[in-house]
Amino acid sequence: MDRLTLPRPLDAHLHLRDGAALAAVLPDSARQFADAVVMPNLKPPVRSTADALAYRQRIVAALPEGADFQPHMTLYLTDQTPPDEVEKAVAAGIVGVKLYPAGATTNSAEGVTDLDALRPVLAELSRLGLPLLIHGEVTHDSVDIFDRERVFVETVLSPLLDALPDLPVVLEHVTSAAGVAFVRAAGPRVAATLTAHHLLVDRNALLVGGIRPHYYCLPILKRREDREALLEAATSGDPAFFLGTDSAPHAVDAKEAACGCAGCYTAHAALELYAEAFDGVGCLDRLPFFAATAGRRFYGLPAPAGRLTLARGEWQPPSQLPFGEGRSLRPFRSEAPLSWRVLA
Ligand code: DOR
Ligand code: ZN
């Protein structure tokens with residue numbers, strides 16, 4: 001197969017940032033995706049429906065002339081989120097509420113410290129069928145960073161699903177075989193997004209032959225066996241697993257630092273990176289379902305107009321891209337050519 005045409009896909013997990021950074025990165029996503037579920041971890045976070053609608057307007061205003069791209073907005077759950085915010089969110093078309101355990105990742109300082117105290121909010125999500133989107137890692141010092149997703153699934157997610165049997169949940173950017181097995185067994189109200197970078201590389205890319213900060217993201221890259229489990233899930237045709245890039249841009253100097261930020265920028269070549277991963281296991285024919293159907297089915301989103309074609313052929317992505325205000329970012333995997341290209 002040297003060509004693949006698919007409906008314009010959904011990015012079900014995207015960081016667009018704000019201001020000059022938003023203007024710099026948004027065209028990359030709008031070129032390939034018809035729509036995206038936009039993460040709320042701005043500084044300050046997108047806490048309320050009013051914040052989300054204002055952020056949505058800034059995104060729409062930053063779109064290139066003629067672009068056809070729908071941002072689907074999310075709220076950032078904090079210890080102070082009032083239960084009645086959920087009804088307002090649903091009425092305004094917000095598609096989910098994001099749970100960041102406090103301290104788990106970039107801009108999560110205002111995240112949740114006590115999930116039990118938020119039972120009234122979670123009960124409202126369940127009653128109204130608004131998905132809880134979860135960064136699934138525990139943050140205790142006592143748990144090794146490579147085990148944080150598995151321990152979260154066992155000690156937080158499993159009891160949460162038992163307590164709220166109707167709550168729709170997305171385990172965002174699942175990275176481990178344990179996470180995949182859990183989602184598979186959990187039934188149709190539980191889904192997971194999968195990033196291109198976790199499908200393409202394991203922790204050796206981060207650590208062998210020198211430390212490579214542009215491969216540092218959270219949840220951290222895991223073992224080869226985990227990557228194999230993720231690839232198997234992505235290409236299985238199980239509607240519980242769908243595309244979410246977690247494209248997370250940071251300026252080069254914030255990544256190449258003594259304490260570098262977590263996040264990989266993949267929006268410049270998102271579909272090409274997924275195509276490489278799917279093609280690598282001989283399953284390119286499964287990419288349209290994963291990229292354009294399964295996520296929209298979970299969220300109840302309409303199929304968009306338009307199609308996009310990928311063609312086999314080597315090209316070298318740039319190693320630096322503008323990130324606004326004189327800064328630049330380094331896209332993921334720009335040190336080697338890619339073998340698929342989205343046709344203009
Ligand atoms: O690597 C990551 N970067 N993981 C996240 O969960 C957040 C993201 C970001 O916003 O930079
Ligand atoms: Zn993310």
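The legends below describe close-up views of a predicted model.

The model is predicted, so that local features need pLDDT of at least 70 and side-chain atom pairs count only at pLDDT 80 or more, while totals for chains, interfaces and linings use all residues. Residues are numbered from 1 along each chain as its sequence is written, chains are lettered from A and ligands numbered from 1 in the order in which they are written, and side-chain values use heavy atoms, with hydrogens and water left out.

**View 1. The zinc ion (ligand 2) and its protein donors.** Along the sequence the donor residues follow the spacing H-x1-H-x230-D. His15 lies in the loop between strand S2 (10–14) and helix H1 (19–32), and Asp246 in the loop between strand S9 (241–243) and helix H10 (252–255), so this pair ties together parts that are 231 residues apart in sequence. Helices (H or I, at least four residues) and strands (E, at least two) are DSSP runs, numbered from the N terminus. Both His15 and Asp246 are buried, where buried means under 20% relative accessible area, exposed over 50% and partly exposed in between (1.4 Å probe, protein chains only).

**View 2. The ring cluster of Phe242, Phe298 and Tyr299.** Ring pairs link these three residues; rings of Phe, Tyr and Trp (its six-membered ring) pair if their centres lie within 6.5 Å, with planes under 30 degrees apart counted as stacked, over 60 as edge-to-face and the rest as tilted. By this rule the count comes to 7 aromatic pairs. The ring centres of Phe298 and Tyr299 are 5.4 Å apart and their planes stand at 85°, so the pair is edge-to-face. Tyr299 is buried, with a relative accessible area of 12%.

**View 3. Arginine charges over the rings of Phe146 and Trp315.** The charged end of Arg203 sits over the ring of Phe146, 4.7 Å from its centre, and that of Arg341 sits over the ring of Trp315, 3.9 Å from its centre. A charge sits over a ring if NZ of Lys or CZ of Arg is within 6 Å of the ring centre and within 35 degrees of the ring normal.

**View 4. Phe278 in helix H11 (residues 270–280).** Phe278 is buried, with a relative accessible area of 0%.

How values were computed:
Donors are N, O and S atoms within 2.8 Å of the metal (3.2 Å for Na, K and Ca); water is not among the atoms, so sites may look incomplete.
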